[in-house]
Amino acid sequence: MRALLLLPVLAAGIAIGGAVPGIATHTQGALARLGLGPAPAAPSTPAAKPDDDDHDQPAKPAAHGHTGEEGEGKEHGEAGEIHMTAEQITSQEIGTASVAGGTLSRHLVVPGTVTPDADRLVRVPARVVGTVAEMRKRLGDKVQKGDVVAVLDSREVADAKSDFLTAGVQAELQKINFERQQKLISSQATAQVSFDQARATYQESQLRLDLARQKLSALGLNAAEVAAAAKRDEATPNQSSLRLFPLRAPMDGRIVERKVDVGTKVGGEGDPADVYTIADLSTVWVELAVPTTALINVAEGAKVLIGTGTDEKTLRAEGQVVFISPFLNADTRSARVIVALPNPDQTWRPGTFVTAAVAIAEETVPVRVPRTALQTVEGQLVAFVRTDEGFERRAVKVGRSDDDAFEVTEGLAAGDEIAVANTFLLKAELGKAEAGDDD
């Protein structure tokens, strides 16, 4: 595994001339097996120089009248030419594309684990000492911020509500008394001392009311809702809500854990502190363990291809490095790297083991062709260029490469139309022509 992790890093420092070292091939194959890239093309390495025996041999005569499996219309003229009609090209699914420049990307392959996004994982705390009276949500239910998920029966809440309601009544009475004393003092019908005492008592009652309101706020209760509930209770005295405390969802998400049942005591010493766990899995994290030897190549903001590598159903997606820990794990000598991965359809489940290909280098080249476009013929790396009659073989030289493509330094130019899919069929046609010439 360590060798696999280091392959892209080793390949990054090797200049590719007439031949591409086998390291790039192994990396490409690894990505293909893990579901992170296409299978390597038939010419997984650029061709070595042609054999010396071929230099002095005369060109083989053109194969005239050669007919392929598709019937008449597929003939070979000059050596290296393949005559095919447009219908034959379409029927054999030989795809073509124009040659253009592009970007070569090299990757570092490391294992990882899907985890919840810590910023999108919250617990619903009990907040008060009490007993669970209702559990309104089940596992898997979706909730929105502010939804009531459970109801507690709490004496602490009853005391807080009672103090607030009492303070409200007292404040109203003292306000009436203060306003009466104001009228009397203006008409000099009362003593100044009585007025001052009424004012002090009114201010004290207002202070008590404010303190009671703040206590409700600290418990997560709304004073206006408590007052409205008290009025409803007057009409239904047998259904008092004074002791009931609603627990609300702090964020949008989904119930992923239920920690208590109806009748469970919560909030006290030794009691459960949380009732539910809510997670928003529209975005998840992938935690990677990157060895120190490769850490220098990884940067925050780098693109990362994530794959499950399973044969039954391969999942693939693209994320981005959002955090690189400045500390190393003392046991593994690796650094924790976090990748943010969009998960709108909830297909990436926390706990899943994945393989990640971290982009560690990007280079722009003037001529870039996919690996599937190149084949090795008679010891040479060739591409098949589209012509009016079909295709012609053209020898090429390659330079740099990545997991999917080569840079072509000689033989092709931007704008050339070449075969990029099922090119092995064209190579087979050349083989048939040469076999016919030998006969």
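This report covers the salt bridges and nonpolar cores of a predicted model.

## Basis

The model is predicted, so local features need pLDDT of at least 70 and side-chain atom pairs count only at pLDDT 80 or more, while totals for chains, interfaces and linings use all residues. Residues are numbered from 1 along each chain as its sequence is written, and side-chain values use heavy atoms, with hydrogens and water left out.

## Salt bridges

The structure holds 18 salt bridges. A salt bridge here is a side-chain nitrogen of Lys or Arg within 4 Å of a carboxyl oxygen of Asp or Glu. One of them joins Asp-153 to Arg-243, with the closest N and O atoms 2.9 Å apart. Asp-153 belongs to strand β7 (residues 148-153) and Arg-243 to the loop between α6 (223-235) and β8 (244-248), so this pair ties together parts that are 90 residues apart in sequence. Helices (H or I, at least four residues) and strands (E, at least two) are DSSP runs, numbered from the N terminus.

Asp-153 is partly exposed at 28% relative accessibility, and Arg-243 is partly exposed at 38%. Buried means under 20% relative accessible area, exposed over 50%, and partly exposed in between (1.4 Å probe, protein chains only).

## Pairs within helix α5

Arg-208 and Glu-204 form a salt bridge with an N to O distance of 3.2 Å. The two residues are four apart in helix α5 (residues 192-218), which means that about one helical turn separates them. Arg-208 is exposed, at 53% relative accessibility, whereas Glu-204 is partly exposed, at 40%.

Arg-213 and Asp-210 also meet in a salt bridge, at 3.0 Å from N to O. Both lie in helix α5, three residues apart, about one turn of the helix. Arg-213 is partly exposed at 35%, as is Asp-210 at 33%.

## A salt-bridge network

Salt bridges also link Arg-106, Glu-363, Arg-400 and Glu-407 in a network.

## Nonpolar cores

A nonpolar core is a set of buried Ala, Val, Leu, Ile, Met, Phe, Trp, Tyr and Cys residues joined through side-chain atoms within 4.5 Å. The largest has 31 residues, and Val-149, Leu-152, Phe-245, Leu-247 and Tyr-276 have the most contacts inside it. Elements that each supply at least two of its residues include β5 (130-135), β7, α5 and β11 (274-279). The largest share, five residues, comes from α4.

Tyr-276 touches residues including Val-122, Met-135, Val-149 and Ile-255, not counting residues up to four places away in sequence; contact means heavy atoms within 4.5 Å. A second, separate core of 27 residues includes Leu-108, Val-110, Ala-317 and Trp-348.
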